[in-house]
Amino acid sequence: VGVYRSEEAPATYRLAIEDGQLKARIDGWPDTVVPLSPSYRDAFESGPMLVRFRRGANGKINAISLGESRMWDLRAAKVK
């Protein structure tokens, strides 16, 4: 969970547990809530979208990586 910001695609992603499920919201898309299902360790998916949590050398999550059919490894750094 947390708030992640991408400089490449100016967007802020807010990930939170709601009703027992990880869900993503994107600032600027007020009515869009994307439920994410576990895929493998540190990775969740919703349809064609894959969200991977990235860990730093200390083992703590410091970013997410987003991927879809035409977008691969879009990084967003953790800001909160």
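Throughout these views, "buried" means under 20% relative accessible area, "exposed" over 50%, and "partly exposed" in between (1.4 Å probe, protein chains only). The model is predicted, so local features need pLDDT of at least 70 and side-chain atom pairs count only at pLDDT 80 or more, while totals for chains, interfaces and linings use all residues. Residues are numbered from 1 along each chain as its sequence is written, and side-chain values use heavy atoms, with hydrogens and water left out.

**View A. Tyr-4, Phe-44 and Phe-53 make up one aromatic cluster.** Searching the whole structure turns up 2 aromatic pairs (ring centres within 6.5 Å, using the six-membered ring for Trp; planes under 30 degrees apart are stacked, over 60 edge-to-face, the rest tilted). Tyr-4 and Phe-53 have ring centres 6.3 Å apart and planes at 65°, so they sit edge-to-face. That pair links distant parts of the chain, with Tyr-4 in strand 1 (residues 2–6) and Phe-53 in strand 6 (residues 49–55), 49 residues apart. Strands here are DSSP runs of E, at least two residues, numbered from the N terminus. Phe-44 and Phe-53 are edge-to-face too, because their centres are 5.9 Å apart and their planes are at 90°. Phe-44 and Phe-53 are both buried, and so is Tyr-4.

**View B. Strand 3 (residues 21–26) and strand 4 (residues 33–40) run antiparallel, joined by 4 bridges.** Strands pair if DSSP finds at least two bridges between them. Look for Ala-24 with its bridge partner Val-34. The hairpin has 6 residues between the strands, and Gly-28 in the turn has a positive phi of about 95°.

**View C. Strand 4 and strand 5 (residues 43–46) are antiparallel as well, with 3 bridges.** Here Ser-37 stands opposite Glu-45. This hairpin has 2 residues between its strands, and Asp-42 in the turn shows a positive phi of about 65°.
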